[in-house]
Structures are given as structure tokens and as C-alpha cells.
Amino acid sequence: MQLLVQQIVEGLAAGAIYAALALALVLVHRATRIVNFAQGEMGLLSAYLAWQLVTWGLPLILALLLAAVFSFGLGVVVFKCCIRPVLSASVETIVVICTGLFLGFDALCLLLWGPDTQAFPEILPRFVWIIHGVRLTSSNVGMLIVLSVLAAGLAAWFKLTRVGLGMRAAAAERDNSLLVGIDVPAMLAMGWGIAAVFGFVAAVLVAPNLLLSPTMMFSVIIYALAAATLGGWDSPSGAIIGGLIVGVAESLGASFIPFIGAELKLVVPFALITLALLVRPQGIFGVSTRVRV
């Protein structure tokens, strides 16, 4: 029983990271109906920048703040330069562009910092509590707190601010929003910027454990895609729940299913994606749509 609870705790902590990146994916999809496969690599580039600033002597908090600002700007620039010109293009074109962005950002990190792994500074303090035999670390608790803050901040932004309401309107009714004076391109660009910051948060949370490398976010983006598919591509709350489910499923599968183990635990998100698409393609919290021909 203790092992079961321990794996659930570990899974929830990992799921918080997947949920943060899944939130970024869902924000982009809600705004532009695009699945940005490069979301993790954009976060990786910003994480490398934060690490570089720390190695140059800047305090960690200042380095993270500057990298977060860079992340927002990066998201805006990517939207304006690479996405906005092809918003009305075919799905195949969008997939090719996002795949090219994925490879481009990965190659840029490799060019600038090389293939060697780098130790990223600890973001959260390291304390351990033993509760009824279950090991609870401050890092695990901190990841869940960070996810809660992101979720609450995003909900407040969309419900309580004029800009947030404008972003919701631009995502839901792009053409009609123009008629009431909403600057739709600016709202969509801001959505991409916020999503890039969320991707950066996911990258810096996972970096101390996986070590910083050009391939660090490859597995994380797969888990995040599974989380968004499971929770629903139109639901930020679904992305959070989906991320936590994926994290727990990964942890339990690696511990209790013999043929999976630690080596094949990447099978879990693929299995969840397949199951979701077969049983409920719109996701747990997604809304099905009907097209009348």
C-alpha cells in the first residue's frame, strides 16, 4: 500500500510538469486551432538562456524572470513571423511548419550549447518528509503548487481582465471579434506568448531532474500531447486533469506492470492517446462538434 501511494505522489509531481506544457498546447490550439509541436523546444531554448545567464553570474530569480520575458517575446515573434501568414493554409502545411520549428529550435540549442548535458540549478528547495512511510519531497509539493498558481492565474486572467476576455473572444469568434473592435492578431499573438511562458515553466521544472540537453523535452512533449488529447484540446482544466492522469499512469505502469518498467514507460502516453481517440476523441472535457453536410 505504501508503494502504491508513493508512486501516486511521484506521478502527480511529474504530471504537474506535463500539465503545464499541455496547458501551453491547449492555449495555442484554442487560439489558432494549431498543435504546436515545437512548444517544448521553445521552452527548452528559454531554459538554456536562463542557465546561461546564471553561469554568467546573474541571480537565479533574475535569470528566470529575464528568460520568461524572452519566452513571451519568442512566442509572439514565432506567431507573427511563422504562423500568422499561414493561418488559413491547409492542415498539412501547418504540421510541416510546426515540425520545422521543432527541428529548428532543437538544432539552435545544439549549435549554441552543444550536445553535452548541463546541470540546471535547483528551482525548488530539497526537503523530505516521511508521512506514514510515504516519502514526500518539497520538490514534489512545489511542482503541484506551481501548477495550481498557473491554473489560478490563467483562470483569473481570462475571467477578470479586459485583455483576457478579448483573447477568449478572439479565439472563439475571430471574424465577429473584428467587428466589435478587438485587435484579433494582437490577442492571438499574446496567447502564443503566454503559452511560450508556460512551456518555459515546464522546461525549468524538469531540467534539474533530466539535466539540460537538446533532447530533454522530447519525452515531455509526448506526455503533454497525451495529456491534452486525454483532457480535451479545448479545455485548459482538461489539460491539467489529463496531465495528472498521465503522470500517475506512467508512474504506476512503470512500477506495477512488469513488461513496461522504467525502460518502456514511454509506451504509457501512446496507449492513453490511442485509448482516448478510440473511446472519446474530443477528450474527457472536450466538446464534440457536428458538421452538417
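**Reading rings, charges and a helix**

Mentor: Start with two residues in helix α2 (residues 39-55): Y48 and W51 are three residues apart, so about one helical turn separates them. Keep in mind that this is a predicted model.

Trainee: Are Y48 and W51 buried or exposed?

Mentor: Both Y48 and W51 are buried. Y48 also pairs with W113: the ring centres are 4.6 Å apart and the planes are at 10°, so this pair is stacked.

Trainee: Which helices hold Y48 and W113?

Mentor: Y48 is in helix α2 and W113 is in helix α4, so the pair ties together parts that are 65 residues apart in sequence.

Trainee: How is burial read for W113?

Mentor: Compare its relative accessible area with the cut-off: buried means under 20%. W113 has 18% and therefore counts as buried. Y48 has 0%, so Y48 is buried as well.

Trainee: How many aromatic pairs does the structure hold?

Mentor: There are four aromatic pairs in the structure. One of them joins Y48 and W51, edge-to-face, with 6.5 Å from centre to centre and 85° between the planes. Ring pairs link Y48, W51 and W113 into a cluster.

Trainee: Now charges. Why can side chains pair at all?

Mentor: Opposite charges on side chains can pair when the charged atoms come close. A search of the whole structure gives two salt bridges. In one of them, R33 pairs with D234, and the closest N and O atoms are 2.6 Å apart. D234 counts as partly exposed because its relative accessibility is 30%.

Trainee: Which residue forms a salt bridge with R126?

Mentor: The partner of R126 is E122, with the closest N and O atoms 3.3 Å apart. R126 is partly exposed at 48% relative accessibility, and E122 is partly exposed at 38%.

Trainee: What does the side chain of Q39 reach?

Mentor: The side chain of Q39 reaches the backbone oxygen of A195 at 3.5 Å. Q39 is found in helix α2 and is buried, with a relative accessible area of 0%. Leaving out residues up to four places away in sequence, Q39 touches L21, A24, L25, V28, A195, A196 and I221.

Trainee: Where is D106, and in which helix?

Mentor: D106 has its place in helix α4 (residues 91-113). Leaving out residues up to four places away in sequence, D106 touches E41, P214 and T215.

Trainee: How many residues does helix α10 have, and how far does it reach?

Mentor: Helix α10 (residues 236-256) has 21 residues and spans 30 Å from its first C-alpha to its last, close to the 30 Å expected at 1.5 Å a residue.

Trainee: What covers the buried residues of α10?

Mentor: First find the buried residues of α10; among them are P236, A239, I240, V246, V248 and E250. Their cover includes α1 (2-32), α5 (138-160), α9 (218-231) and α11 (267-279).

Key
Residues numbered from 1 in each chain as written. Predicted model: local features only at pLDDT ≥ 70, side-chain atom pairs only at ≥ 80, totals over all residues. Heavy atoms only, no water. Helix = DSSP H or I, 4+ residues; strand = E, 2+ residues; numbered from the N terminus. Expected span 1.5 Å × (residues − 1). Buried < 20%, exposed > 50% of the residue type's maximum accessible area, 1.4 Å probe, protein only. Contact = heavy atoms within 4.5 Å. Phe/Tyr/Trp six-rings, centres within 6.5 Å; stacked < 30°, edge-to-face > 60°. Polar contact = N/O pair within 3.5 Å; in protein donor to acceptor, adjacent residues only side chain to side chain. Salt bridge = Lys/Arg side-chain N within 4 Å of Asp/Glu carboxyl O.
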